[in-house]
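Thanks for coming. I will walk through one structure this morning, and you will want it on the screen while I talk.

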Amino acid sequence: MWNEFLWVIVPYLVLASFIVGHIFRYRYDQFSVTAKSSEMLEKKQLMIGSLLFHIGIIFVIGGHFVGLVIPESWTAALGISEHVYHIFAVGIGSIFGVMTFVGMFLLTFRRLSNPGVRKISSAGDIIVNVTLLLTVLLGMSSTLFGTQEIPGFDYRESISIWFRQLFLFRPDASLMVHVPVLFKLHILSAFVIFGLFPYTRLVHAWSVPLSYLKRRYIIYRKNPS
C-alpha cells in the first residue's frame with residue numbers, strides 16, 4: 001500500500017500542485033514573482049554561492065534529464081557502453097554536484113547566519129534553502145554510496161523506467177521496491193521541492209530576462225545644471 005502511495009499517488013499530487021499552483025500564481029499573484037535580492041545586506045557570499053549554485057544546477061538538471069528521460073537502448077545504439085556512460089555520469093555529475101552543494105551551502109549559511117538577511121527571510125525562504133540543500137546532499141550520497149546497499153544497482157533499469165511511465169499514466173510501483181533507500185529519499189525530497197515550487201521564490205526561475213538581449217541601450221545624460 002505504501003509503495004503504491006509513494007510512487008503512484010504522490011507523484012501525481014505533486015504534479016497537480018506544480019501545475020495548478022503556477023496557474024494560480026500567474027493569474028492572481030504574478031507581480032510577487034521575485035528573487036528578493038538581499039545584495040545590499042551582504043554581497044560576497046551571495047555572489048560566490050549564487051554563481052556556484054546556478055552554474056552547477058544547470059548541469060545537474062541536464063544530467064538528470066539524460067539519465068531519466070533517455071532510455072538505455074538509445075545510448076547503446078550510439079555506441080556508448082553502460083560502463084562508459086556511468087564513468088562519464090559519475091565523473092562529470094560529481095563535479096557539478098559538488099559545485100551545486102557548495103553554492104547552496106553558502107547561500108543557506110548566509111541566510112541563517114547573517115542577521116540582516118535572516119530578518120528579511122520568510123519561513124518559505126528558509127524551507128526552500130534547507131530542502132534544496134538536503135536534496136542535493138541526498139543526490140550526491142546516492143551517487144557515491146547508494147549502491148553499497150544493493151551492489152550492481154542500475155537506476156536506468158528501475159527509476160528511469162518508472163519516471164517515464166509517469167508521463168504515460170501507467171507507472172509500475174514495483175520497479176521502486178528494491179531501489180536503495182538513499183535514492184528513494186532523494187526522490188521524495190525532490191517531490192517536496194516541486195510541490196512547493198510555485199508558492200515560493202523558486203518561481204522566479206521562469207523570469208529569465210531574455211528580453212534584455214534585444215532591448216535598446218538606456219542612455220544616461222549628465223544634468224547640465
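Let me start with a pair of helices. H2 and H7 are roughly perpendicular to each other. This is a predicted model, and that applies to everything I say from here on. The axes of H2 and H7 cross at roughly 90° and come within 8 Å. An angle of 65 to 115 degrees counts as roughly perpendicular, which is why I use that word for this pair. As for who makes the contact, H2 contributes Gly67, Leu68 and Val69, while H7 contributes Ile159, Ser160, Phe163 and Arg164.

Now the overall picture. The protein has 8 helices and 0 strands, so the pattern along the sequence reads α-α-α-α-α-α-α-α. There are 225 residues in the protein, and buried residues make up 34% of them. Taking the contacts with a separation of 6 or more, 81% are between residues 24 or more positions apart.

In soluble globular proteins, nonpolar side chains tend to be buried together. Here the largest nonpolar core has 17 residues, and Trp7, Ile159, Trp162, Met176, Ile187 and Phe191 have the most contacts inside it. Two or more residues of this core come from each of helix H1 (2-28), H7 and helix H8 (181-196). H1 gives the largest share, 4 residues. There is also a second, separate core of 12 residues, and Phe18, Phe53, Ile57 and Ile193 are among them.

Helix H8 has 16 residues, and from its first C-alpha to its last it reaches 23 Å, close to the 22 Å expected at 1.5 Å a residue. Which residues of H8 are buried? They are Phe183, His186, Ile187, Ser189, Ala190, Phe191, Ile193 and Gly195. And what do the buried residues of H8 pack against? The partners are H1, helix H2 (44-69), H6 and H7.

One of those residues is Phe183, in helix H8. Its relative accessibility is 13%, which is why Phe183 counts as buried. Setting aside residues up to four places away in sequence, Phe183 touches Ser142, Gly146, Thr147, Phe153, Tyr155 and Ile159. Phe183 and Phe145 are 38 residues apart in sequence, with 9.8 Å from C-alpha to C-alpha.

A further phenylalanine to look at is Phe96, which lies in helix H4 (residues 82-113). Phe96 is buried because its relative accessible area is 16%, and the cut-off for buried is under 20%. Apart from neighbours within four places in sequence, Phe96 is in contact with Gly56, Phe59 and Val60.

Now a charged residue, Arg156. Where does Arg156 sit? It is in the loop between helix H6 (123-145) and helix H7 (159-166). Is Arg156 buried or exposed? Arg156 is buried, with a relative accessible area of 3%. Its side chain makes a polar contact of 3.2 Å with the side chain of Glu82. The side chain of Arg156 also reaches the backbone oxygen of Ile70, at 3.4 Å. Beyond four places away in sequence, the residues that Arg156 touches are Gly67, Ile70, Pro71, Glu72, Thr75, Glu82, Tyr85 and Ile161.

Thr75 is on that list, and Thr75 lies in helix H3 (residues 72-77). Thr75 has 7% relative accessibility, so Thr75 counts as buried. A polar atom of the Thr75 side chain lies 2.8 Å from the backbone oxygen of Glu72. Not counting residues up to four places away in sequence, Thr75 touches Ile70, Ile80 and Arg156.

Last, a residue from another loop. Phe169 is found in the loop between H7 and H8. Although Phe169 is not a glycine, it has a positive phi of about 60°. Is Phe169 buried or exposed? Phe169 is exposed, at a relative accessible area of 67%.

Notes. Residues numbered from 1 in each chain as written. Predicted model: local features only at pLDDT ≥ 70, side-chain atom pairs only at ≥ 80, totals over all residues. Heavy atoms only, no water. Buried < 20%, exposed > 50% of the residue type's maximum accessible area, 1.4 Å probe, protein only. Polar contact = N/O pair within 3.5 Å; in protein donor to acceptor, adjacent residues only side chain to side chain. Contact = heavy atoms within 4.5 Å. Core = buried A, V, L, I, M, F, W, Y, C linked by side-chain atoms within 4.5 Å. Expected span 1.5 Å × (residues − 1). Axes fitted to C-alpha atoms, helices over the stretch in contact; angles between N-to-C directions. Parallel < 35°, antiparallel > 145°, perpendicular 65-115°, else oblique.
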